[in-house]
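I opened my notebook to look up the charged side chains in this structure. My entries follow in the order in which I went through them.

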Amino acid sequence: MSTDNSVSIIGCGISGIFAALQLKKSGIENIQLYDKSRGLGGRLATRRSNDGKFDHGIQYIKLDTVADLPEIKSLIRNNILKETKISNLFVGNDGMTSIAKFLAKNLNISKEFKLIHIDSDLNSMVMNFENGQRIHTNSIVLSSPVKQSIEILEKSNINIDSLKLADINQLEYFPAIIIMVESEVSIDLENEFIQEYATGNFSSITDNFKKSISKKENFYTLVCSHNFSNENFENDYESINSRLKNELDLIFNRKYKILSNHKWRYSTPKNFYTLDSSINIGLDRFVGMCGDIFTNGKFDGAIRSGISVASKLLAK
């Protein structure tokens, strides 16, 4: 199969979505987004389990530098994004995934399309996907985590800027292990729905019921610390849960069950690209890269990076 696209965006996280929205607002209609997973939103992730619901990626967002964007105002106006009792702390009203779904509702998205490598063609580039599809495109934006994008680029047959490649090769991420627990008892948290820790095996505990995500009470998301996640990321979930048992027993008075686990290999940036908020790494054709690692590692930074790469493409 061969389909011509004006712009192809790899990755349907918030940065890729805002790149697409910016391009569409500027008059580019032939935009296609691809994501390797069955859903969209990246770490804006929500999961159902045992009649309850968990956010198992980003637990909350701060709008900071993007509060005045029309898309953000629309999210608030339509009750998709709501402010909590903690000032400037926002959550998705029906889970964090709902934010991405609302923003992307009028975008063209192909799910379960994992890009393997890119080839040069006479007048375009050819994207080769794991499912066997070969799709022509004029421009590409890589909004997936930089390490995944580098893997694609290193397998590709296109001309790229070797100095920029060397720069982004220095970028690293912290992994994260997520534990989703149903408790028989309610626990007290420091803030409205979340408690964050500077030490220990957990960096945060979130009450998804008090957060109004789960209609069922006592559904908790526990995010493991950077150190614990890094040390145990390659272990199986049984081993991970066993290592956490004593701490979980203490938190929940032994009255709980682990319903699910999740791993994010590329969770939050360890360091940042400081030269620009996005890049074009292509020499002959536009191959843009964006994401929160190009800014501040946060929701607003991911949005600004998506807008930035779209502006670079429009200016080319």
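I looked up lysine 312 and found that it forms a salt bridge with aspartate 276, with 2.9 Å between the closest N and O atoms; the term means a side-chain nitrogen of Lys or Arg within 4 Å of a carboxyl oxygen of Asp or Glu. Lysine 312 lies in helix α8 (residues 299-315) and aspartate 276 in the loop between β15 (256-269) and β16 (279-280), so the pair ties together parts that are 36 residues apart in sequence. Helices (H or I, at least four residues) and strands (E, at least two) are DSSP runs, numbered from the N terminus.

I noted that this is a predicted model, in which local features need pLDDT of at least 70 and side-chain atom pairs count only at pLDDT 80 or more, while totals for chains, interfaces and linings use all residues. Residues are numbered from 1 along each chain as its sequence is written, and side-chain values use heavy atoms, leaving out hydrogens and water.

Next I checked arginine 134, which forms a salt bridge with aspartate 119, the closest N and O atoms being 3.7 Å apart. Arginine 134 is in strand β10 (residues 134-142) and aspartate 119 in strand β8, so this pair joins parts that are 15 residues apart in sequence. Aspartate 119 is buried, at 18% relative accessible area, whereas arginine 134 is partly exposed at 41%; buried means under 20%, exposed over 50%, and partly exposed in between (1.4 Å probe, protein chains only).

I also recorded that Glu182, Lys216 and Lys257 are linked in a network of salt bridges, and that the count comes to 11 salt bridges.
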